Amino acid sequence: MTGLSRRRRVAAVAVIALAAALGSACSSSADEPTDGGAYVIWDPYPQFADDSEWVALLRKCGTSAGVTVERTGHDTTDLTNKALLAAQQGNSPDVLIVDNPVISTLAEAGALTTTDDNKLDVSAMEPNLLGAGQSEGKTYGVPIGANTLALYYNKDLLTAAGVDPTTIKDWTTLTAALTKVKAKGKKGITFSAIGTEEGSFQFLPWFWGSGAQLTSLDSPQAVSALTLWTDWLRQGHAPNSVINNTQTTSWQEFATGNYAFAENGTWQLANAEKLGFSYGTIAIPASAGGAAPAPTGGEFVSIPVQKNTGRYETSQKLVACLTSPDNLLTTDTTLSYVAPVAAVQDRQAAADPKLKVWVEAVRAAKGRTGDNLGTKYPKISESLWTAVQSAPRSTGIRRSSGTSCRGCP
């Protein structure tokens, strides 16, 4: 489970065509919601078996609501397609848990109820995390947790290079640290700049940290972020492999012990404990100082549109149970997520001091589809990763079609 969305948005029109071509055979009977006493939940966690704590929580919430829960864990790549197809066929699950950028796609297709419709209480949720599930002033679900990005560092390499990580406050001090590490014959920083959403996800903290906006991709601030990465490559602070690195292969580079820094997420915390050296974490710095906004990963719990609107009341009870503070603490610990509620975040940081940096990063994070970008984001993301891929030969960010992107979308 990674914090980014590797899944491409699937347009509703394409799903309609798919439904026409394949009919109901695309959805197995085991997945089809029923109108009986059972309430159907779809989630993107197929790694959790029936005897897992996650499934036990789902059943507990069902019991509390007085119903039986039928849960299916779908591969994240397929879940958007299945959810859209189910909406077209009128057999959506009662509760749907999906990656946060997908919410806008489902909302645009008319597949989800709003919190005004279903009476879900989102008042305790952190506004920056809730924003990923909002479109045109309406909210379409509740965040179940979030992950994001920060910088892991190798304590041994920084000590040998005379670098105090607490002095890294902005791009200038970070680049100075990389220079000192290189002078000691070691490597500076590794990250993922692959030509997919994964690369855009890793570029966004630097993009937003420059002061750039996704509605003006060729602004001077945006160019400065691209120049930062380009200069690191040219100066040997980052390896050429970043162009093809996924977040997994980037982590593997860091795990060799030869790199001072790695940009990566909360999902690597368990692997970090297995490193053969001491590590620490700091927030990704913004150009002028302070923590840069990083993109949020994580899922939303939503209530799809049903023919029988009488089911919403029980669905609301199920979602409220799943997102209650006590259950959020258990769930987010299991998923290596930071909770979407400030009070629970504080409990997480108190229980594990290593999470303090991650809590701060999540509090500064932004949703990729926020600012009413919604389903426009995938095109913007493609422009970002295309620019990063061609960065050594480029001086700006442009649309994939080659036209200027100022003021887009």
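Tutor: Two strands are called paired if DSSP finds at least two bridges between them. The elements themselves are DSSP runs numbered from the N terminus: helices are H or I with at least four residues, strands are E with at least two.

A word on what you are looking at: this is a predicted model, in which local features need pLDDT of at least 70 and side-chain atom pairs count only at pLDDT 80 or more, while totals for chains, interfaces and linings use all residues. Residues are numbered from 1 along each chain as its sequence is written, and side-chain values use heavy atoms, leaving out hydrogens and water.

On to another partner of β1. Strand β3 (residues 95–99) also runs parallel to β1, and two bridges join them. Here Ile41 stands opposite Val95 in β3.

Now for the side chains. In a regular strand they alternate between the two faces of the sheet. In β1, Ala38, Val40 and Trp42 point one way, while Tyr39, Ile41 and Asp43 point the other way, and all are buried. Buried means under 20% relative accessible area, exposed means over 50%, and partly exposed is in between (1.4 Å probe, protein chains only). Since six of the six residues of β1 are buried, the strand is largely enclosed by the rest of the structure. One of these residues, Tyr39, has a charge over its ring: Arg311 lies over the face, at 4.0 Å from the ring centre. For this, NZ of Lys or CZ of Arg must be within 6 Å of the ring centre and within 35 degrees of the ring normal.

A salt bridge needs a side-chain nitrogen of Lys or Arg within 4 Å of a carboxyl oxygen of Asp or Glu.

How does that pair sit among the others? The structure holds six salt bridges. Another of them joins Lys354 and Glu273, at 2.7 Å from N to O. Lys354 lies in the loop between α15 (342–351) and α16 (356–364) and Glu273 in the loop between α12 (269–272) and β10 (279–282), so this pair too links distant parts of the chain, 81 residues apart. Lys354 is partly exposed at 42% relative accessible area, and Glu273 is partly exposed at 49%.

One is Phe191 with Trp232: their ring centres are 6.4 Å apart and their planes meet at 50°, so the pair is tilted. Phe191 sits in the loop between β8 (187–190) and α9 (197–209) and Trp232 in helix α10 (residues 220–234), so the pair ties together parts 41 residues apart in sequence. Phe191 and Trp232 are both buried. The rule for pairing is that rings of Phe, Tyr and Trp (its six-membered ring) have centres within 6.5 Å; planes under 30 degrees apart count as stacked, over 60 as edge-to-face and the rest as tilted. Ring pairs also link Phe191 and Trp232 into a cluster with Trp171, Phe203, Trp206, Phe207 and Trp229.

One last stop is Gln306, in the loop between β11 (299–302) and α13 (312–322). Gln306 is buried, with a relative accessible area of 12%. Its side chain reaches the backbone oxygen of Ser92 at 3.3 Å and the backbone oxygen of Pro93 at 2.7 Å.

Conventions:
Polar contact = N/O pair within 3.5 Å; in protein donor to acceptor, adjacent residues only side chain to side chain.
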